[in-house]
Protein chains: 2
Amino acid sequence: MLTISQRGQNMPASPIRKLVPYAEAAKKRGTKVYHLNIGQPDIETPKPVRDAIHHADFTILEYTHSAGLESYRRKLVEYYAKNGIHVNHNQIIITTGGSEAILFGFMACLDPGDEVIIPEPFYANYNGFAIAAGVKVVPLTSHIADGFALPPIEAFEEKITSKTKAIVICNPNNPTGYNYSEAEMQKLKAIILKHQLYLFADEAYREFTYDGKQFSAMHLEGVDEHIVLMDTISKRYSACGARIGAFVTKNQALLDAAMKLAQMRLCAPYLEQVAGEAACDLPDDYFDTTKAEYQARRDAIVGRLNAMDGVFCPNPGGAFYAMAKLPIDDSDKFCQWLLESFENNGQTVMLAPATGFYGTAGLGRQEVRLAYVLNIESIHAAMDCLEAALKVYPGRQ
Amino acid sequence: MLTISQRGQNMPASPIRKLVPYAEAAKKRGTKVYHLNIGQPDIETPKPVRDAIHHADFTILEYTHSAGLESYRRKLVEYYAKNGIHVNHNQIIITTGGSEAILFGFMACLDPGDEVIIPEPFYANYNGFAIAAGVKVVPLTSHIADGFALPPIEAFEEKITSKTKAIVICNPNNPTGYNYSEAEMQKLKAIILKHQLYLFADEAYREFTYDGKQFSAMHLEGVDEHIVLMDTISKRYSACGARIGAFVTKNQALLDAAMKLAQMRLCAPYLEQVAGEAACDLPDDYFDTTKAEYQARRDAIVGRLNAMDGVFCPNPGGAFYAMAKLPIDDSDKFCQWLLESFENNGQTVMLAPATGFYGTAGLGRQEVRLAYVLNIESIHAAMDCLEAALKVYPGRQ
């Protein structure tokens with residue numbers, strides 16, 4: 001019989017994208033939908049990056065080196081150095097999005113049945129990559145009441161087994177916006193040293209911190225062999241569709257294994273590497289404007305949320321996401337209802353139910369993730385919708 | 001202890017790329033290297049495709065739909081219809097290269113321990129994807145003496161077990177250049193129907209057939225649920241660096257599973273999809289020139305090879321590869337020696353040892369793959385090198 005594999009069946013639908021058909025139906029009815037469900041910023045891709053594409057000098061769209069264009073990797077060395085991360089260009093493999101960097105890490109370090117510990121809620125697609133790689137995700141709950149701070153060391157140690165190979169963090173965090181402190185990172189260092197684990201650090205949102213700087217996993221001293229940086233230009237330069245990321249480590253054995261995975265799929269897309277290289281030459285103050293804009297949006301959305309009756313939203317220190325607890329029965333139902341059965345002056349808002357970001361079944365049913373990727377006017381309009389919706393939602397609690 | 005996974009250790013280095021360091025060293029010594037090792041054509045990417053990139057109209061490089069731009073998928077429907085392949089745009093998922101289409105097929109249809117039968121020699125990276133997916137490749141030897149024709153049905157049936165889920169073919173074939181006949185395809189149909197298997201058809205070289213047209217797996221009637229077309233624009237439009245492919249099937253359950261894999265990695269690169277879409281509008285005679293050029297190259301390289309003492313090269317009916325049997329002890333040693341220890345008037349040639357294209361250990365030691373992706377003048381120069389090399393190679397047999 002023709003069958004679908006177990007992993008194909010177990011693969012979760014994206015919690016960010018699964019409600020898209022309802023949004024499309026709402027739009028067909030003429031309802032305006034504010035998309036706070038997905039981290040697709042409305043900020044323009046920087047003009048020098050667009051120019052690099054429009055003036056790309058090539059006659060054959062050739063394969064690049066499997067590790068990526070050397071010129072781009074050399075530029076990245078400078079970019080990282082500016083962020084206190086000191087690597088050479090042979091310690092960087094350009095990947096097809098941060099996604100592929102995560103997949104390479106899982107595949108090169110873990111075998112089927114091995115375990116990774118991930119503080120939850122976490123970026124939902126980690127689940128997909130884990131299922132693809134046959135790896136077991138062991139979630140470790142962080143709590144909205146604590147603003148999603150790193151769970152205590154003891155909580156990690158309770159989860160560590162002989163199968164545990166790595167801890168995954170996203171810092172600043174998607175979906176919580178939490179920015180791990182240096183003290184928390186030092187705690188992680190102690191754990192990975194004591195238990196000889198890898199630390200996979202997804203730092204897609206490095207530049208977007210609002211109350212203090214990001215402390216990179218690569219800033220930890222004496223654990224070079226343990227650290228894998230998983231990076232992407234998607235959010236940094238508002239270039240999500242470029243699908244350009246990086247797998248960065250000083251562990252030579254791991255680089256060798258990841259390089260074979262890189263050779264397997266030949267190379268990352270050429271043109272988008274050209275775009276990524278151009279982005280490295282943006283002036284140092286490029287992020288100031290973007291960051292100020294996101295910070296204003298954060299202040300707006302968090303302010304509006306906490307002013308709503310029964311709503312709690314901890315102030316996120318980074319990235320461009322906020323997690324909010326709502327007075328509702330079920331976030332999946334509520335988010336679908338917003339698209340199917342609600343409108344406020346012809347408008348509604350699309351949110352991501354938090355259930356998809358938890359590995360532990362049953363958690364997140366009163367929480368939603370909001371991506372503050374729209375301008376402040378749209379954020380206020382979206383919050384008007386949410387506020388009105390919470391007053392009439394039949395499942396309000 | 002920090003360990004590399006078994007699959008990371010087992011992953012083979014690319015037979016096409018593993019000799020690159022020797023080629024780089026040869027170039028540093030001032031030796032000109034003719035690259036017949038890799039399917040990177042010297043033919044220009046069509047100007048309308050380049051223009052589409054240079055005039056791409058966007059201000060934000062956004063995520064696309066996880067299945068790819070709808071406008072592109074609708075164009076592909078027309079492209080496929082011209083080739084007698086009738087699908088709708090919801091039966092196409094745009095992938096990051098043909099590579100990802102292969103990975104999606106393995107992951108969605110097979111679980112770790114399941115088996116795929118692949119006539120060998122085969123595209124070496126199938127091994128990598130199989131290892132990544134935990135799938136066992138069961139090679140079925142085709143022979144250079146038969147021009148690498150499809151092995152008989154009985155040979156397939158001997159390899160089929162309860163774990164067998166699919167047969168993979170590449171048609172026209174990389175590395176052999178063999179173009180499967182309609183009669184051979186009908187034999188495959190009988191096997192997949194009788195044993196309820198998937199047929200994964202990698203048709204990257206569809207347009208490049210020199211002695212009769214390609215018969216697509218999608219032309220087989222009554223086996224819609226069984227067929228998965230794995231496609232790419234890399235070779236078709238000389239756009240290898242674009243990393244744009246397609247996963248095409250009429251099997252809805254499989255589409256649903258593959259779509260979750262597609263959501264996991266968000267989307268294929270945006271700009272290159274724009275390039276792919278533009279390629280669909282090339283005039284119908286676009287391939288005439290390219291094909292004539294490849295055919296002339298084939299005739300030149302095959303003629304030269306068979307004129308060499310002790311060399312046999314069956315005439316490939318498609319793609320742009322030839323496999324040749326050489327009077328040598330070991331193709332890996334020979335190909336390395338060509339780069340390390342040989343030159344002919346300051347020139348040498350880089351070939352791919354055939355050992356990496358066989359799943360059965362020990363096969364291919366007297367065979368090499370030659371990609372005729374250089375112009376005829378370069379092909380003659382490369383053949384001059386090979387001819388001279390065979391006269392002096394210490395391991396000649």
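The following legends describe views of a predicted model.

Residues are numbered from 1 along each chain as its sequence is written, and chains are lettered from A, with ligands numbered from 1, in the order in which they are written. Because the model is predicted, local features need pLDDT of at least 70 and side-chain atom pairs count only at pLDDT 80 or more, whereas totals for chains, interfaces and linings use all residues.

**View 1. Overall fold of chain A.** Chain A contains 13 helices and 12 strands; helices (H or I, at least four residues) and strands (E, at least two) are DSSP runs, numbered from the N terminus. The C-alpha atoms fill a box of roughly 60 × 55 × 55 Å along the principal axes. The radius of gyration of chain A is 21 Å, in agreement with the value near 21 Å for a compact globule of 397 residues; this radius is taken over C-alpha atoms, and the globule rule is 2.2 Å times the number of residues to the power 0.38. Of the 397 residues in chain A, 56% are buried (20 or more other C-beta atoms within 10 Å of the residue's own; exposed, 12 or fewer; partly exposed, in between; C-beta atoms placed from the backbone).

**View 2. Helix H13 of chain A and its surroundings.** Buried residues of H13(A) are Ile379(A), Ala382(A), Met383(A), Cys385(A), Leu386(A) and Ala389(A). Seen down the axis of H13(A), its buried residues fall within an arc of 155°, so they line one face of the helix; the arc is that of the directions from the helix axis to the C-beta atoms. On the other side of H13(A), Glu377(A), Lys391(A) and Val392(A) are exposed.

**View 3. The side of chain A that touches chain B.** In this interface, 64 residues of chain A are in contact with 65 residues of chain B (C-beta atoms, placed from the backbone, within 7 Å). Elements of chain A that give two or more residues to this side include helix H3 (47-54) and helix H9 (252-264). H9(A) gives the most, with seven residues.

**View 4. The axis relating chains A and B.** A rotation of 180° with 0.0 Å of shift along its axis superposes chain A on chain B, with an RMSD of 0.0 Å (least squares on the C-alpha atoms of residues with pLDDT of at least 70 in both copies). This is the relation of a two-fold axis. In chain A, the C-alpha nearest the axis belongs to His54(A), 2.0 Å from it.

How values were computed:
Two residues are in contact if their C-beta atoms, placed from the backbone, lie within 7 Å.
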